[in-house]
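Here is a short tour to read with the model open beside you.

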There are 4 protein chains.
Amino acid sequence: MEALLRGILEKCLDQIPKGQVASYIPELAKADPKGFGICVVTQEGQVAFAGDHSQKFTMQSIIKPMILLTALQDSGVDEVRKLVGAEATGKPFDTFNYSDQALAAGHINPMINTGAIALCTLIRGDSYEQKFERLLEMTRKLAANPHMDVDMAVYRSEKATGSKNRALAYLLKAYGMIRDDVEQVIDCYFKACSISATCLDLARIALVFACGDAALVDAAYARYVNATLMTCGMYDGSGEFALNVGFPAKSGVGGGIMGVVPRRMGIGVYSPALDKKGNSMAGIKALELLSRELELSIF
Amino acid sequence: MEALLRGILEKCLDQIPKGQVASYIPELAKADPKGFGICVVTQEGQVAFAGDHSQKFTMQSIIKPMILLTALQDSGVDEVRKLVGAEATGKPFDTFNYSDQALAAGHINPMINTGAIALCTLIRGDSYEQKFERLLEMTRKLAANPHMDVDMAVYRSEKATGSKNRALAYLLKAYGMIRDDVEQVIDCYFKACSISATCLDLARIALVFACGDAALVDAAYARYVNATLMTCGMYDGSGEFALNVGFPAKSGVGGGIMGVVPRRMGIGVYSPALDKKGNSMAGIKALELLSRELELSIF
Amino acid sequence: MEALLRGILEKCLDQIPKGQVASYIPELAKADPKGFGICVVTQEGQVAFAGDHSQKFTMQSIIKPMILLTALQDSGVDEVRKLVGAEATGKPFDTFNYSDQALAAGHINPMINTGAIALCTLIRGDSYEQKFERLLEMTRKLAANPHMDVDMAVYRSEKATGSKNRALAYLLKAYGMIRDDVEQVIDCYFKACSISATCLDLARIALVFACGDAALVDAAYARYVNATLMTCGMYDGSGEFALNVGFPAKSGVGGGIMGVVPRRMGIGVYSPALDKKGNSMAGIKALELLSRELELSIF
Amino acid sequence: MEALLRGILEKCLDQIPKGQVASYIPELAKADPKGFGICVVTQEGQVAFAGDHSQKFTMQSIIKPMILLTALQDSGVDEVRKLVGAEATGKPFDTFNYSDQALAAGHINPMINTGAIALCTLIRGDSYEQKFERLLEMTRKLAANPHMDVDMAVYRSEKATGSKNRALAYLLKAYGMIRDDVEQVIDCYFKACSISATCLDLARIALVFACGDAALVDAAYARYVNATLMTCGMYDGSGEFALNVGFPAKSGVGGGIMGVVPRRMGIGVYSPALDKKGNSMAGIKALELLSRELELSIF
């Protein structure tokens, strides 16, 4: 397996110069565009690596499935569905181009910033510090890594410059979809996006979604998250990804992608050079080759 | 299996009065809202029925995957992708609410009317009569039913009243996405939508997409179609359907739904009372119960 | 006055190379981009010319105020307002980017193609030949020129290539805003756009809108048209035009602009090099200079 | 004149029960829906009143023309036009339904909240306290009323609940259209909207826009403001208002409307029962009757 992974990285190196490291948060712009790693963890327990597998990066949007999962576990499907919908929006991840109608009817998606920010309010906790702690705890358990934590430099950078996310949060407030203090909700969200991880962490989390772990996750909720990732996990590149790769996945502008192959394996890949939709270019290509090689498409 | 199917239909009867038979084409409005049938064909060759399984109905949008498949087989992925995209639009099936940009860049989806009309031009044939014959032939082969044919009354009704589809076709012409005569292209599309089928026909077609048939369909194209159905097959209800049912499917306003369970079975269900998005209400419910009972979700 | 007009044309010559002759209809693309003329007719009866004042060009969208006026005279304000609204759309002249809601509620504007096509149905006449004849007759009377007529080459070119207008017309049909045969309605519209005129014709028509002529036009309807021109006559450049020029006007992609200075004068200007919004570049500049020189702004 | 005004108010009383007092800010909801007053100040210096002419109300959006004027005077047309456009948006006053493109290109309108918030940054002053003081000073001078001031209860209510305006301001920040601290800019805007006025104040301000006052306002800037009011002053009811009333005007959700009749008079009217677009219902009707009676339409 490791030889296969090494070969795949080799074939994807040409993607790196085509992408751009995220620059909308100053701290993210410091990432080394050449960092490139992958990790696979199979149902049978095999763990295989290639490339910069110990490189840490912030999860960014990859935390969204954990926000959704925690909201589902803490508040149930009904409360979650009152707040967010299930349809792809056909729009970029940080879109604010909603009609009044769309917002009033709760048509926002949990894999889009607006939906994820709203779902922070459904995590259990007396304060947003507690809600965040609970989310972090859940993420650590899924990754079986108690050392996962916030990258404080990225968090501060997000907090200082995240005007668009703040705009989205005040919009949610204006439409009654956030009842708490906006600054506390958005602080929780900024911290969540700034949790750092390695490819191994992503692969282990993905394995729980792929193969279940009754002690950690309700199977119905895992299916809910996987289905949501399938239709919307790669932003407005989700349809393309379904064609070319064919399993649920979630990308983040930090350069990571978490791939969930139901009943088979979890995958983590990292390469911070992004395409225009905010997805890792070499990461997508690597997943495509891996899917073809191991026949991972669920279709 | 048949007892299971009968039980499921029983449990879904309460959905029928909540829906509405399609009325935008006069001929469709004549359907009996109480018609309700289901058919399952498994990889092992088992065929099971319940309800009005011999009831004929027009395929309507269920023909779209066959249009996509035939275009792929006749013109290849590259030509198809020059014309249509792969992303969900987040909009209704007959939307004309495109920005100039969206159209110019070919962002239309093959499971939306605009995309399906455009793809008719990529089917092989010297004339649109020939292109249609080729599409019908392909559909008959997939269903293993040489008697499938056009419901002429529905076809004439569509042709006489289909102003919105005509508008979409002229729009495609205006943007250079149709080069041929609009009236001929749209006539081919109207005929395609008016092919009538039974639940058995749908189930057999679905089985080919689910389990392959090297003589009929290139495996890569079948996966392409299945992935497209997963993200966009149920219009702007595709995300919801992924959560609750969890496999590729295509609905039509004639009341049918074709369900593709990869590596396991094909399903056809029929009940013409539709929800507001144009999907069969009892049909979706039946697929949901069947998916839960037989653990058909691919997530 | 003629010296003033000559001086103004001189100062606007530099605008011509910045624009583009309309190319979406082949016949329009044949226009000489260097053609440039202006004509002013004052309330006191003075007529002044400069440049290519005898050059003929097709009215294109400049016929829209005549369509609106004739619909108002023949069917009254109530019928007109059932079909079209009064608000600027903030969108290009040939936009089809309407939401279902917008169309159903009749929010279309009479100075946008959709609205003008719909209003053709409210002109008096047993057939669309008769409706067109009535519109032509009205236009001739307003211009005091019984020789105005259709440029048959442009008309045939529009009819052969006008897919976008046809798309809009079928859309109107789909939403019940056209009840008659689409091909007849759109033929009437294509002919209307193809009526050819000179700057003198435009200036004389404008003078009737500016100063009234009880025998020809109800004063309330003239005010209705002028107000509509003020807010929407220059497409999505109407706000800019109000700032820089400051009186009601209507442009056409044939290169003409008709300017209405209430209680003072009518103006016709022609230069076929257009800006991206479809307005004559040198024409707008000439009106701006004239407005400044003679203090024509109504604000 | 006063008899005329009294008669007009009488005829408009039936409009009041059809509207709704603004409720999106708690403090505004306390307004007495029956309050109704009008004031006219003519070029010749005549002042006429009817109804509750000494009733104070907050200016809300009526302050927008003063923000635009002050920005023009302090920073010039070029800076203003870099930040805001001139076209009607066809959308409600507090719309956030912008595409990325629209924002990046500065297509926002100064009579829409987004545009007015952005323009606060172009008022002269070392701090936002100073900028606000300058705006207040300008407003007092235009109204010839040094006692005009902020209604502190409304200001606090706006500041505590104005999530949508805050969302718009953070959006502007995200797109580089606000460079300063968002909370300070929005505080300035909230205070500006909370300046209270009487019908007499509005009428006097309007008279300066209508007839000029070289000591206070550059004539070119007054025309700029008037033209902007004509195309966009009544939100997405501006086209309708142009047809039925026919002169520049600006409404606010506090219930006031300021009417500018170029070269003739300034008008202030107040009635807090609003239509769905946020315009005073009885106020619009009163202006319509007055326009008809005195032939005030500029068309």
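This is a predicted model: local features need pLDDT of at least 70, side-chain atom pairs count only at pLDDT 80 or more; totals for chains, interfaces and linings use all residues.

Residues are numbered from 1 along each chain as its sequence is written, chains are lettered from A and ligands numbered from 1 in the order in which they are written, and side-chain values use heavy atoms, leaving out hydrogens and water.

**Chain B against chain A**

Chain B and chain A each bring 28 residues to the contact (heavy atoms within 4.5 Å). About 2,200 Å² is buried between them, 63% of it from carbon and sulfur atoms; buried area is the accessible area (1.4 Å probe) that two parts lose on being put together, summed over both. On the side of chain B, B:Glu87, B:Leu243 and B:Phe299 lose the most area, together 32% of what that side buries.

There are 2 salt bridges between the two chains (a side-chain nitrogen of Lys or Arg within 4 Å of a carboxyl oxygen of Asp or Glu). A:Arg81 and B:Glu240 meet in a salt bridge at 2.6 Å, N to O.

**The sheet in chain C**

An open sheet of 5 strands runs in the order β3-β2-β8-β7-β6 with antiparallel pairing; strands are DSSP runs of E, at least two residues, and they pair if DSSP finds at least two bridges between them.

| Edge strand | Residues |
|---|---|
| β3 of chain C | 47–51 |
| β6 of chain C | 249–251 |

β6(C) is joined to β7(C) by 3 bridges, and C:Ala249 stands opposite C:Gly259 in β7(C).

Terms used
Helices (H or I, at least four residues) and strands (E, at least two) are DSSP runs, numbered from the N terminus.
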